[in-house]
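Dear colleague,

Please find below the structure that I am handing over to you. My notes on what was found in it follow directly after.

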Amino acid sequence: MVPAWGSIIRNLNRKGIGLVIDYTSESALALDGGHPGDAGYAHQIGVQLDVDWQKLVGWRGFVTHAVIVNRAGHNMAADFGDRSLNGFQEIYGGGGNTAVHLVYVYGTQNLFHDRVQVAIGKMPVNIDFSASPLFCTFMNKSMCGNPKSLTRGAAGFGTYPGSTWGTRVRYWPMHGVYAQAGLYGVNPYLNTNRYDRTGFNFNTNLYTGMYIPVEVGLIPSLGKNQLVGHYKLGIAYDSSNYANNYYDINGNPLALTRKAAQMDNGKTQIWLEGDQMLIRNGHGPLNGFYLMAGLVRNTPESGPYLYEYYFGLVDRGFWRARPDDTFGIEVSRTTASPELVATQWLDYDAGRSLPANATYPQSHISVLEATYNIHVCQGLSIQPDYQRIMRPNLQRNKPAIDAIGLKIHATL
């Protein structure tokens, strides 16, 4: 950090104003998969402003949060016809090229000696629900932020950089145990030209329902080395109407009748996620060897996916000479909705084009990623990355793709 700038930031912090400006780029190069030599570059420039109003004017427990970003680049996964949830560059998501995008603006109020927190404003679901400090160790879109079958499984699970009006209440009955619930608008047109790709449209005219998530969590700190873990169980209901994947309005296979799809009311999502530090490598909350695993289930009748499950390990500070370096491996697998696949097979046998951008009936997709984050200096890291995507777009007729990548993150 530039010394003069660092002095400015410290002065602002003392007054309750937190300001962060950062740059993230993600580049990927395909080694095979039918497009060897294909490459993609994407970046995000972000500005985050957090204001502690207790320090600023004496308003106890009230903090406001706002983020705007610039995103640009090329999504290499599109070159392979992969429109599923597993992109090589997670930073491209949320509408791609956007000069200025408002991610969120909301406030939080702590109550009852900080046992209760209420948040209200325009915000994504995934900053509070199905969230983990370990997910964005990785560059693949299937994991960073949250397991992406939640986002793609229901329009109501809004994810960064998209946001809708909402509120969330979190309660801590005791140290390390919490319960939270939220109420968010459902906007299926987030980050599209039909609504507003810039995020500055505060209108609710295209909202189709309400998204209601509930989550309980446990954050233990075990033993004398304070081995930290994060465990959570969540369930959510999206009240919007969605087209059925298999049945038409008369209850017959829509691929045979070619009539409009039956409309189903609501979707349900469930997630079970956990991570646990097994070895501590330093004093920081993430300095150690973690194992992580999780399972997501979506409503298959009207969603594109049924299950996503993942397993991974993250090790920060294992090399004593480089205590801020991080190594990670993750494996994930996502299965298609059986109802959607049944419709695709009927269309495929009839020689028609398939739904879900498929060229062959879908089944599942698997991702293997290995990554190493190198801490260069304060405010700068570079991260070589390797990914292998098996059955791109969930299609067994597509060859596996091996790709190498590089992520650069700089913070002022």
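In this predicted model, strands E1 (residues 17–30) and E17 (residues 401–411) run antiparallel and are joined by nine bridges. Within this pairing, Leu29 is found opposite Ile404 of E17. Strand E17 also pairs with strand E16 (residues 380–390), again in the antiparallel sense, and 10 bridges connect E16 and E17. One of the contacts to E17 places Ile389 against its bridge partner Ile401.

Turning to the cysteines, a search of the whole structure returned one disulfide. The two residues concerned are Cys136 and Cys144, with an S to S distance of 1.9 Å. The link between Cys136 and Cys144 is right-handed, the angle about the S-S bond being 95 degrees. The surroundings of its two ends may be set out separately. Cys136 has a relative accessible area of 40% and is therefore partly exposed, whereas Cys144 is buried, at 4% relative accessibility.

As to the aromatic residues, the structure contains 14 aromatic pairs. Among them is the stacked pair of Trp59 and Phe62, whose centres are 4.1 Å apart and whose planes make an angle of 20 degrees. Trp59 is partly exposed, with 45% relative accessible area, while Phe62 is buried, with 16%.

Another pair, formed by Phe157 and Trp271, is edge-to-face, with 6.1 Å from centre to centre and 80 degrees between the planes. Phe157 belongs to the loop between helix H3 (148–153) and strand E6 (164–174), and Trp271 belongs to strand E11 (residues 261–280), so this pair ties together parts that lie 114 residues apart in sequence. Both partners are buried: Phe157 has a relative accessibility of 1%, and Trp271 has one of 0%. Together with Tyr211, Phe157 and Trp271 make up one aromatic cluster.

The charged end of Lys122 is positioned over the ring of Phe202, at 5.8 Å from the ring centre. Lys267 lies over the face of Tyr242, and its distance from the centre of that ring is 4.0 Å.

With kind regards

Methods. Residues numbered from 1 in each chain as written. Predicted model: local features only at pLDDT ≥ 70, side-chain atom pairs only at ≥ 80, totals over all residues. Heavy atoms only, no water. Disulfide = S-S within 2.5 Å. Buried < 20%, exposed > 50% of the residue type's maximum accessible area, 1.4 Å probe, protein only. Pairing = 2+ DSSP bridges. Helix = DSSP H or I, 4+ residues; strand = E, 2+ residues; numbered from the N terminus. Phe/Tyr/Trp six-rings, centres within 6.5 Å; stacked < 30°, edge-to-face > 60°. Lys NZ or Arg CZ within 6 Å of the ring centre and 35° of its normal.
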